[in-house]
Amino acid sequence: MTRALIVIDVQESFRARPLWETISHPKIADQVNRLVHLARQAGDLVVWVLHSEPGSGDVFDPALGHVRLMEELDRLETEPLIHKTSHNAFTTTNLQHILTEHGIHELTVCGIRTEQCVETTTRVAGDLGYQVTFVTDATATNPIPHRDAPADQSIAELLSDPRTLSAEEIIRRTEYALAGRFATIATIEQLEAAAAPLA
């Protein structure tokens, strides 16, 4: 075992926010389960990561009950589940220790949000020397408001503002930023095709 699948923040916190209706991949849990199946089939480690902001009073506050994996996800009790309080999955967790213990050198990453915690984890992993595969269609994100947009704008206002960066554009830019620098970009179908001889 030299590879690990890192599932980042695919948690109920996001579905508890009104912004969820704008998510790029509403069936993200199904996409992630496909990768989990591939990883287990190959004998790879699967590590689950949750984002937590204790005391914040919002959907990432564990006290409110949303900081848990989406119910559709298929986690085994033997697979590590870690909680982070930073954007990347390394800084505030023992993830690197877990990977070192298992002799992991290659990572496949997926989760929410494409350009935020998943991309940031990918960049840190690249700097730490891991070979990373970023599975874009197993990530999800939302449109991002312009920096000068009012903080209390409605979803309708967000979507109608021409300055809003669409989820599709965010994903495209993320791929450009990561490819050839921090990660190899792949799709689930490509990884499934590559694993087919193992079936």
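This is a short tour of one chain, from the overall fold to single residues.

The model is predicted: local features need pLDDT of at least 70, side-chain atom pairs count only at pLDDT 80 or more, and totals for chains, interfaces and linings use all residues. Residues are numbered from 1 along each chain as its sequence is written, and side-chain values use heavy atoms, with hydrogens and water left out.

**The whole chain**

Start with a cartoon view of the chain. It has seven helices and six strands; these are DSSP runs, numbered from the N terminus, with helices being H or I of at least four residues and strands E of at least two. Followed from the N terminus, the order is β-α-α-β-β-α-β-α-β-α-α-β-α.

Of the 199 residues, 48% count as buried. Buried means under 20% relative accessible area, exposed over 50%, and partly exposed in between, with a 1.4 Å probe and protein chains only.

Contacts come next (heavy atoms within 4.5 Å). Among those between residues at least 6 apart in sequence, 75% join residues at least 24 apart.

**Two aromatic pairs**

The structure holds two aromatic pairs. Rings of Phe, Tyr and Trp (its six-membered ring) pair if their centres lie within 6.5 Å; planes under 30 degrees apart count as stacked, over 60 as edge-to-face and the rest as tilted.

Select F14 and F60. Their ring centres are 5.3 Å apart and the planes stand at 75 degrees, so this pair is edge-to-face. F14 lies in helix α1 (residues 12-15) and F60 in the loop between β2 (45-51) and β3 (81-84), so the pair ties together parts that are 46 residues apart in sequence. F14 is buried at 7% relative accessible area, and F60 is buried at 8%.

Now select F90 and Y130. This pair is stacked, with 6.0 Å from centre to centre and 25 degrees between the planes. F90 sits in the loop between β3 and α3 (95-101), and Y130 in the loop between α4 (114-127) and β5 (131-140), so the pair ties together parts 40 residues apart in sequence. Both F90 and Y130 are buried.

**L128**

Stay in the loop between α4 and β5, and select L128. L128 is partly exposed, with a relative accessible area of 38%. Leaving aside residues up to four places away in sequence, L128 touches F90 and Q96. From L128 to H105 the C-alpha distance is 9.9 Å, and the two are 23 residues apart in sequence.

**Two backbone details**

Most residues other than glycine have a negative phi, and most peptide bonds are trans.

Select D9, in the loop between β1 (3-8) and α1. D9 is not a glycine, yet its phi is positive, about 60 degrees. D9 is buried, with a relative accessible area of 1%.

End at I112 and R113, which are joined by a cis peptide bond with omega about -5 degrees. R113 is in the loop between β4 (106-112) and α4.
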